[in-house]
Amino acid sequence: MQGEQNFWDHLDVLRAGLLRVAGVLLLGMVGFFIAMPTLFDAIILAPTREDFILYRFIAALTGHSSIFAAEPFAVELINIHVASQFTTHLSTSFYAALLLTCPYLLYEIWCFIRPALYTEELRGVRAAFVGGAGLFYIGVATGYLIVFPLTFRFLAQYALSDAIATQIALQSYMNNFWGMTLTMGLAFELPILIWLLAKLGLVTREILRAGRRYVILLLLILAAFITPSGDPFTLAVVFTPLYLLYEVGILVAGRAKK
């Protein structure tokens with residue numbers, strides 16, 4: 001049991017934790033910056049090619065070589081700003097390092113708040129941290145493997161007129177890529193949030209069921225915010241997992257005890 005600490009002691013502990021997180025994040029960013037030219041083609045740009053895992057899976061199910069058009073799918077990104085490739089190199093390295101070091105960041109947060117918890121609270125909060133980290137990565141994987149490829153391919157192949165040539169800027173691609181993948185990771189924290197609110201006695205399964213119609217409206221607004229294009233197809237692809245997560249949250253709330 002640690003002794004009493006004043007405000008400045010807590011501030012010193014917080015500052016030390018932040019410095020460790022910054023050091024680990026910087027180290028990861030440097031590593032990804034060195035490896036990024038290879039990772040960028042193999043991972044970041046994978047949804048722009050016909051051999052992406054989701055496209056091959058759907059093609060195997062449907063028996064068609066392409067899911068939205070008759071010809072093979074391929075997109076070439078263009079660079080329209082002098083510094084875009086360099087800034088994209090930096091930002092992609094940062095986001096990749098942030099994803100990799102997320103468990104360590106959560107561990108530092110856990111170490112900081114653990115002394116303030118009672119013994120009976122430790123188990124529940126520890127489960128929330130572990131479950132939250134797992135759901136975040138599942139959400140990122142869902143965004144990368146399903147949500148972003150489907151929306152990107154649909155919009156990239158959609159043609160209002162054959163006289164219009166589609167050229168996609170690098171910055172536009174990256175904004176949509178990180179926006180959808182990271183936001184889906186955060187959105188998958190919804191069951192954990194509902195579980196914590198239920199543990200605090202702020203919500204119950206009955207309240208969540210009664211407010212389902214209002215939550216559907218809020219989730220539609222959230223899905224429209226996540227998808228910058230705002231088209232119905234993209235909206236449906238994003239809204240569906242969010243709504244399923246809410247239903248999972250209802251089940252979780254029923255098992256949570258204050």
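Hi everyone. Let's start with handedness: helix α5 and helix α9 cross in a right-handed way. One thing to keep in mind throughout is that this is a predicted model.

So who touches whom here? On the α5 side, the contact comes from M180, M184 and A187. Facing them on α9 are T234, V238, P241, L242 and L245. If you sort the residues of this α5 and α9 contact by class, you get seven nonpolar, one polar and no charged.

Now the geometry. α5 covers residues 170-187 and α9 covers residues 232-255. They pack at an angle of about 20 degrees, and their axes are 10 Å apart. Angles under 35 degrees count as roughly parallel, and α5 and α9 are therefore roughly parallel to each other.

How closely do the axes of α6 and α9 come together? The crossing of α6 past α9 is right-handed.

If you have the viewer open, please pick out L190, P191, I194, W195 and A198 on α6. Their contact partners on α9 are L242, L245, Y246, V248, G249, V252 and A253. By class, the contact between α6 and α9 has eleven nonpolar residues, one polar and no charged.

How values were computed
Residues numbered from 1 in each chain as written. Predicted model: local features only at pLDDT ≥ 70, side-chain atom pairs only at ≥ 80, totals over all residues. Heavy atoms only, no water. Axes fitted to C-alpha atoms, helices over the stretch in contact; angles between N-to-C directions. Helix = DSSP H or I, 4+ residues; strand = E, 2+ residues; numbered from the N terminus. Parallel < 35°, antiparallel > 145°, perpendicular 65-115°, else oblique. Left-handed = near helix turned anticlockwise from the far one by under 90°. Contact = heavy atoms within 4.5 Å. Nonpolar A, V, L, I, M, F, W, Y, C, P; charged D, E, K, R; others polar.
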